[in-house]
Amino acid sequence: MSATVTARGDDPILGRSPRDRLPDRILQWGLTGLAIAILVLIAYFFYKLIDQSTPVFQQSGVFAFVFDNDWDPSKNIYGAWPLVVGTIVTSALALLLGVPVAVAAAIYVSELCPRPLRGPLTVVIDLLAAVPSVVYGLWGVFVLIPALRPVENWIGHTLSFVPFIGLPDDQTVAGPNYFIAGLILAIMILPITSAIAREVIATVPKEHKEAALALGATRWEMIRMSIIPYARPGIVGGAMLGLGRAIGETIAVTLVIGNAPVIGKNIWDQGYTLAAVIANEFGEAASDKLHTSALLAAGLVLFVLTLVINALARAVVNRRSERRMQVGAAA
Amino acid sequence: MSALGPISTRRRLTDKTARTVVLIGAAIALIPLVLVLFYVLKRGLGAFLNVDFFTQDPSGRFLGNPGGIRSAILGTIEIVGLATIIAIPIGIGLALYLVEFGKNSLFARVVRYFVDVLSGVPSIVFGLFIYITLVVSGAISGFAGWKGSIALSLLMLPIVTRASEVVLNLVPNELREAALALGSPRWRVVARVVLPSALPGLVTGSLLAIARAAGETAPLLFTVLGAKALTLNLGDQMNSLPLQIFNDVREAQDRLVDRAWASALTLILMILILNVAARFVSRRNRFA
């Protein structure tokens, strides 16, 4: 190394000429420009999506498009209600089946399991996220549907008095149905929901846990009274991020939901979702302007739905972390 | 001596029951992964071990030899490769802006918010974006591999940016200050100090984003469309592994379904390798 330690030889550090500062300026404005460009791009996509879906909105109105219960492209009738219902039913099933398991897994991994198991278990649960959605679809069609059919029939007939779950005696379940789609979605949201639950459980102050144990609480009482109340908002937020995923999931659902644009009578019936209809009908829609526009409108509804849910989820998770920071600052 | 009485039977039973329920829940969480991997191996390994599977293209013949998946593997590598080239510099650039320049300014918060929005957008909607802007309008209309790459890069962008932001934030401020105090200009601090020290984390985030993009089908459906023959020209319709699996499943013919299982095995292996690599690199991170 030479005797000088300044970065630019003998130049005085404070007296850099504008020309010397040029690379810094370029870097700063280049990166800012990049950020602006990304925002403009998102806005442009959003505008284009609205613009291209207007034909179908002009035909029937936004309200009728979302709430009319009739989807029949061959007659140019586009009422997306059966798709919206299918999306809601499958996502709700996913939450119902997936969240308890995800939270249980998170509690077990962070509080109850033997320490050497903790790392491997975390990795294995996270690996669920590495399986592509088309592979879940493949597995659902050829393994899950045939394997679960007798179980579904039994549940449906045994609980025949329960609305939406009961199955009349003379009927059997359709192979592909809402339940199977919901089950696959539950598996797909498990890793993200569980990971976020694990993260918020890790933020529970040690003092809270030790206080409960010192007062003579059993392990479970400590979990119920110290951990769950503290972590609940984060867990809810994680579940909602999972919901956002479930709503937008396309390929696996397309393969296992049966693709019938009607509202099923119970969860063992075939249905359709917004995302699945786009994936399925795009090929045939390409030559029909109105049909294409209806599918783009379905995409727009899907987009807005996920935006709202993700915004709510973030608000819930962030409120928690802000409060935590305040508590931390006060302590 | 002990002032603490024994825990009542009811409380002990509740504790035992609740812990068992939690254990069962955790065990249930492991079942799907085991079952998926088991069936993919069981049904896919047969065709997978055949060399022709990797050296032939799908024949498209209704009867007889359905062919292999050469064009699908190469197509996936090429499409995802281009998406990586697009998404990673932009994603890391955005993170650099947020950490080094934007910090907590209003504009930076807006950018951060929209990156979050982008990460919640369903992958099929990215496909729609590209479809309406590049496939059906403009002078360059038509399906093409590079359009699928752009759709995938949109999907990767928020993953790369968020992961990079986290690791760039982990670079100690003392390092930046030391470099600045020695007279380095800002750009040199970024290029010689911040980026090299965050490198393992940046690589990990990028690898995870690539793994995610490699498994996506929905954004490719109406941007790349699909093909059977091998083409390395990104301007043409191309084949890709997820598309190939999706189409084979929908054909519901035994031979094609066998190919789908073997393709699924191939795809999962590719993604696993990326994940393992990501984990391996993140071990070398100095600050995390």
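Tutor: Axes here are lines fitted to C-alpha atoms, for helices over the stretch in contact, and angles run from 0 to 180 degrees between N-to-C directions. The model is predicted: local features need pLDDT of at least 70, side-chain atom pairs count only at pLDDT 80 or more, and totals for chains, interfaces and linings use all residues. Residues are numbered from 1 along each chain as its sequence is written, with chains lettered from A and ligands numbered from 1 in the order in which they are written.

Student: How are helix 8 of chain B and helix 11 of chain B oriented to each other?

Tutor: Helices are DSSP runs (H or I, at least four residues), numbered from the N terminus. The axes of helix 8 and helix 11 of chain B come within 8 Å and cross at roughly 165°. Angles over 145 degrees count as roughly antiparallel. Helix 8 and helix 11 of chain B are therefore roughly antiparallel.

Student: How many nonpolar residues does the contact of helix 8 of chain B with helix 11 of chain B have?

Tutor: Ala, Val, Leu, Ile, Met, Phe, Trp, Tyr, Cys and Pro count as nonpolar. The contact includes B:Leu207 of helix 8 and B:Leu274 of helix 11. Beside four polar and no charged residues, its nonpolar residues number 13.

Student: How many residues of helix 10 of chain B are buried?

Tutor: A residue is buried if 20 or more other C-beta atoms, placed from the backbone, lie within 10 Å of its own. Among those buried in helix 10 of chain B are B:Phe246 and B:Asp248. Helix 10 of chain B is mostly covered, and of its eleven residues the buried ones number eight.

Conventions
Helices (H or I, at least four residues) and strands (E, at least two) are DSSP runs, numbered from the N terminus. Angles under 35 degrees count as roughly parallel, over 145 as roughly antiparallel, 65 to 115 as roughly perpendicular and the rest as oblique. Two residues are in contact if their C-beta atoms, placed from the backbone, lie within 7 Å. A residue is buried if 20 or more other C-beta atoms lie within 10 Å of its own, exposed if 12 or fewer, and partly exposed in between; C-beta atoms are placed from the backbone.
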